[in-house]
Amino acid sequence: MKHAINYTLIKKDPRTKARRGVLHTPHGDIQTPVFMPVGTQATVKAMKIEDVAGLGHEGCGLILSNTYHLYLRPGHELIKKAGGLHNFMNWNGAILTDSGGFQVFSLGPLRKITEEGVKFRSYLDGSSHMFTPEKSIEIQNCLGSDIMMAFDECAPYPADWHYVQKSLERTTRWLKRCKDYHRDWERQSLFGIMQGGVYKDLRAQSARQIVDLDLPGYSIGGLSVGEPKEIMYEVMDDCVDLLPADKPRYLMGVGSPDCLFEGVERGIDMFDCVLPTRVARNGLAFTSVGRVNIKNAKYFEDFGPLDPNCDCYTCRNYSRAYLRHLFKSEEILSSMLLSEHNLHFLVSTMEKIRKSIEEDRFLEYKKEFYDSYGEF
RNA sequence: GUGGGUGUCGUCAAGUGGCCUAAGACCCUGGGUUGUGGCUCCAGUAUACGUGAGUUCGAAUCUCACCACCCACC
């Protein structure tokens, strides 16, 4: 079977599990490790698409969007009519769509999980809907994303072993149904999702089952759902070793600067996270010298750039005092400038991580970054 | 000058004799945010009742004087 997505491993870090690779997609090659900005509603909030494309120094080629949200509004049929999601949102790069599985988890009180799928109520108008693995793939087929995610259940933290086991086995059965339903593998690839919570034996069980299905990529789900970071790192350590080395490994929902380094060090190739854009809209910037809460009074007359070591559009043109003013005034430009900076920061940090792996100095770069960043 | 009205945290504004060592909102200050139901959530600061005297067991609430501001008329 020919796949839309193919992974090439370029180099492995001699001292850690970090690795440098390329993800070949129908919409271009993606250098890994990679950070994907999130565009849930067919838009990366507060960003023009050309600015998303221009993030970092090499540009950004892969973003994430969401099956659940686009199904509810405007509807996947409309997007199909528009010529697919790429066309609809004017994005020439690659797209990965989440399956709606996470919403099953995050919209807890509005849903009911059965073997068949998930019945839930729309948060928009209260109407009742049924999501099944088949439905999720059908929608993602209409969207035309390069990478489709399997419809899974992301178990909450904490959750007891028995529940997580039942949940993971159902997720595997759902994955098989996703695989069986999908047809055009040359156009779109399907990634499987490992679950298993914080239990090592369950992670192993989940990994065995999904790897058996021989998919073009695998992701680690069910992390970063409220567990302490140390536990997340521990689980990550185990998880990566359970996945095949010749396939991309995607850690879902993770994207604080420190987690990116810790993930790469453990062998993760792909990350996505709403954090940079969400916190940007709330006045928080990630910078080379740590978090900058632009709301703070101390920036009232700080005419220096947001990040002294950043060359993004925001940092090249505006001062902290101006950004603080924009935020306090609730001006739209505040969200735009801070979002662009935060995304640029993560994307370009990932570029430097890639370079450091190529030059066998990943750990040195990590230390340098941590020393400059300070407290996370 | 005469008549009327109003004076409660930075602002707006509840409260009209005891449950007010005074609600709430905004502002302000700080924090949170990880496969986006959030231009959002959480927390904190201020001995604020114009001033002075009086009535009363008890006054932000009643009385008097004064002060300030607003309106109308001269």
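Select Leu 9 first: its bridge partner is Gly 21 in β2. Now widen the selection to strand β1 (residues 6-12) and strand β2 (residues 19-25), which pair in the antiparallel sense over six bridges. Pairing here requires that DSSP finds at least two bridges between two strands. Strands are DSSP runs of E with at least two residues, helices are runs of H or I with at least four residues, and both are numbered from the N terminus. Six residues separate β1 from β2 in this hairpin.

A word on the model before moving on. It is a predicted model, in which local features need pLDDT of at least 70 and side-chain atom pairs count only at pLDDT 80 or more, while totals for chains, interfaces and linings use all residues. Residues are numbered from 1 along each chain as its sequence is written, chains are lettered from A and ligands numbered from 1 in the order in which they are written, and side-chain values use heavy atoms, with hydrogens and water left out. Colour chain A by pLDDT, the predictor's confidence in each residue, from 0 to 100. Chain A averages 96, and 100% of the residues score at least 70. The scores for the model are ipTM 0.92 and pTM 0.96.

**The eight-stranded sheet**

Show the open sheet of eight strands next. Its order is β4-β14-β13-β12-β11-β10-β6-β5, and the pairing is parallel. Look for the edges at β4 (34-36) and β5 (62-66), each of which pairs on one side only. From one strand to the next, the twist averages 25°. Such angles run from 0 to 180 degrees between N-to-C directions, with axes as lines fitted to C-alpha atoms, for helices over the stretch in contact.

Strand β14 (residues 270-272) pairs with β4 in the parallel sense over three bridges. Pick Phe 35: Phe 271 in β14 stands opposite.

**The three-stranded sheet**

Now display the open sheet with the order β7-β8-β9, whose pairing is antiparallel. The edge strands are β7 (111-113) and β9 (128-131), each pairing on one side only. Neighbouring strands are turned by 15° against each other on average, direction ignored. Select β7 with strand β8 (residues 118-121): three bridges link them in the antiparallel sense. Lys 112 stands opposite Lys 119 in β8.

**RNA strand B**

Turn to RNA strand B and select the residues around it. There are 43 of them, and Phe 102, Cys 154, Met 252, Gly 253 and Val 274 come nearest. A residue is near a strand if one of its heavy atoms lies within 4 Å of it. Of the RNA strand B atoms that come within 4 Å of the protein, sugar and phosphate account for 48%.

Colour this surface by class. It has 17 nonpolar, 15 polar and eleven charged residues. Here Ala, Val, Leu, Ile, Met, Phe, Trp, Tyr, Cys and Pro count as nonpolar, Asp, Glu, Lys and Arg as charged, and the others, Gly among them, as polar.

- Asp 98: a polar side-chain atom lies 3.0 Å from a sugar or linking oxygen of RNA strand B.
- Thr 277: an N or O atom of the side chain is 2.6 Å from a base oxygen of RNA strand B.
- Arg 324: an N or O atom of the side chain is 2.8 Å from a phosphate oxygen of RNA strand B.

Which elements give two or more residues to the surface near RNA strand B? They are β5, α5 (101-106), α11 (275-281), β16 (290-293) and α13 (320-328). With five residues, α11 gives the most.

**Backbone stops**

Most residues other than glycine have a negative phi, and most peptide bonds are trans. Select Thr 32 and Pro 33: a cis peptide bond joins them, with omega about 0°. Pro 33 is in the loop between β3 (28-32) and β4. Move to Arg 73 and Pro 74, also joined by a cis peptide bond, with omega about 10°. The loop between α2 (67-72) and α3 (76-81) holds Pro 74. Finish on Ala 42, where phi is positive, near 60°. Ala 42 is in the loop between β4 and α1 (49-53).

Technical notes. Polar contact = N/O pair within 3.5 Å; in protein donor to acceptor, adjacent residues only side chain to side chain.
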